[in-house]
Amino acid sequence: MASSSSFLLIAALLALVSWQATASDPSPLQDFCVADMNSPVRVNGFVCKNPLEVNADDFFKAANLDKPRVPNKVGSNVTLINVMQIAGLNTLGISIARIDYGPLGQNPPHTHPRATEILTVLEGTLYVGFVTSNQPAPNRNKFLSKVLNKGDVFVFPVGLIHFQFNPSPHQPAVAIAALSSQNPGAITIANAVFGSDPPISDDVLAKAFQVEKNTIDYLQAQFWENNHY
C-alpha cells in the first residue's frame, strides 16, 4: 500500500512539473519584469530592468490602434503590440494585435507557435477557421470554421493553422486579437514553405505536395509578402 501511495504521489508531482514546463510563458515571480533591451545577457525572454528605473512609459505605447491600416498584397495588415513594443509585457504572457482587412482580403493560413489567440470583430464580417493536428481519426486534420459578425468572438488554439477572410467585395473589416504570449510568433504557411531562405529543395516539396517540380518552382519564384508590421 505504501509503495502504491508513493507511486501515485510521484506521478502527481511529475504531472505538475510537466504542466509547468509546457506552459506558453512562465508565471512571473514578481509584480513585473520590464525587459532590459540593452542587456548583453541572453535568457528565454529578456533580463529584468532595475525596478528602481522603471516608469509608466515602460508599460505604454501610443500605438494608434484606433487608426485604419492599409492592407498589403494579401489584403490585410497585422499591427502587433508585443514585448518588442512595450517592454513591460516581459514575463506577463500577453500581447495584442489590430488586424485590418481590405475587401476580399485575408490573414492567410498561419500558426502562432507560442500562443492561443482570441479574436473579436470590430467592423465588418469575417470567415475564420482552424485545422486540428495529425491526431488519430476521426479528428485528424478536422477543419472548424465560422462566419463572424461585428461583436462576435472566436478562439484559435495554440499552434494550430488558422486564417481569417473578409468575404465582402465592397467593405473592409477590422478585428482585435489578444494572444497568450509576450512574443507569440507567427509562421505564415505559404511564406515559410515556398519563400524560405535558402529555398527548400523542389524535390522535397514536389514529393510532399504530390505535384510537378515546375509547379513548385513557379511558387518559389513568387514574392511572398509579410503582412505583420
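Predicted model: local features only at pLDDT ≥ 70, side-chain atom pairs only at ≥ 80, totals over all residues.
Which residues on the other side of α3 are exposed? I looked: Lys207 and Ala208, where exposed means over 50% relative accessible area, buried under 20%, and partly exposed in between (1.4 Å probe, protein chains only).

Residues are numbered from 1 along each chain as its sequence is written, and side-chain values use heavy atoms, with hydrogens and water left out.

Next I checked the buried face of α3. The helix runs over residues 202–209, and Asp202, Leu205 and Ala206 are buried there. They sit on the same side of α3 because they cover an arc of only 100 degrees around the axis. I then looked up their cover, which includes α2 (189–194) and α4 (213–220).

Then the helix ends. Ser201 caps the N-terminal end of α3, with a side-chain oxygen 3.1 Å from the backbone nitrogen of Asp203. After α3 comes Gln210, and its phi is positive, near 55 degrees.

Last, I went to the second largest pocket. I found about 180 Å³ of space in it. Its lining has 13 residues, and Val74, Pro108, Ala190, Asn191 and Trp224 lie nearest the centre. I see α2 again here: it gives the largest share of the lining, 3 residues, while β3 (106–111) and α2 each supply at least two.

Technical notes
Helix = DSSP H or I, 4+ residues; strand = E, 2+ residues; numbered from the N terminus. Arc of directions from axis to C-beta. Contact = heavy atoms within 4.5 Å. Polar contact = N/O pair within 3.5 Å; in protein donor to acceptor, adjacent residues only side chain to side chain. 1 Å grid on protein atoms, 1.4 Å probe; cavity = no way out; pocket = protein on both sides within 12 Å on 5 of 7 lines; lining within 4 Å. Points joined across faces, edges and corners; volume = space filled by probe spheres on them.
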